[in-house]
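Hi there,

Here is the structure I promised to pass on to you. Have a look at it first, and then read my notes below.

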Amino acid sequence: MILGYKDVTDEEFWVRGHIPDRPLMPGVVMVEASAQLLSFYVRQITEGDSFLGFGGIEDAKFRATVVPGQRLYLLGHIHTQRSRKFTCAVQGVVEGKLVYEATIIGMRV
């Protein structure tokens, strides 16, 4: 299992254009942060040196908003692992509340 976090600031590239006067962290940015964390985790666990690319997402659910000034915790674990493909479950939590969950699929490239 891995735990990472992202401090969301008002300096993020998406803040100005994503709902003016009410910046909400886009779901795609949450997914990307998760994919990067899980890619790092899988490489550490498998001690591989190949590139791990994003292969897909399943069962994504966004349950609450994330806004500048909050810390987004990302919790993930490997679900299944094959020679070239892995799936990981991830949850995003802010202030003790589940805001996002998904299954991330990665591929060795």
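R63 and E101 form a salt bridge, with their closest N and O atoms 2.4 Å apart. R63 sits in the loop between β2 and β3 while E101 is in strand β5, so this pair ties together parts that are 38 residues apart in sequence. A salt bridge here means a side-chain nitrogen of Lys or Arg within 4 Å of a carboxyl oxygen of Asp or Glu. Strands (E, at least two residues) are DSSP runs, numbered from the N terminus.

Please keep in mind that this is a predicted model: local features need pLDDT of at least 70, side-chain atom pairs count only at pLDDT 80 or more, and totals for chains, interfaces and linings use all residues. Residues are numbered from 1 along each chain as its sequence is written, and side-chain values use heavy atoms, leaving out hydrogens and water.

The structure holds three salt bridges. In another of them, R71 meets D7 at 2.6 Å, N to O. This pair links R71 in strand β3 (residues 71-81) with D7 in strand β1 (residues 2-7), 64 residues apart. E12 also forms a salt bridge with K6, at 2.9 Å between the closest N and O atoms.

Now for the backbone. Most residues other than glycine have a negative phi. D59, in strand β2 (residues 52-62), has a positive phi near 55°. E95, in the loop between β4 (85-94) and β5 (97-108), has a positive phi near 50°.

Happy exploring!

Definitions and conventions: Helix = DSSP H or I, 4+ residues; strand = E, 2+ residues; numbered from the N terminus.
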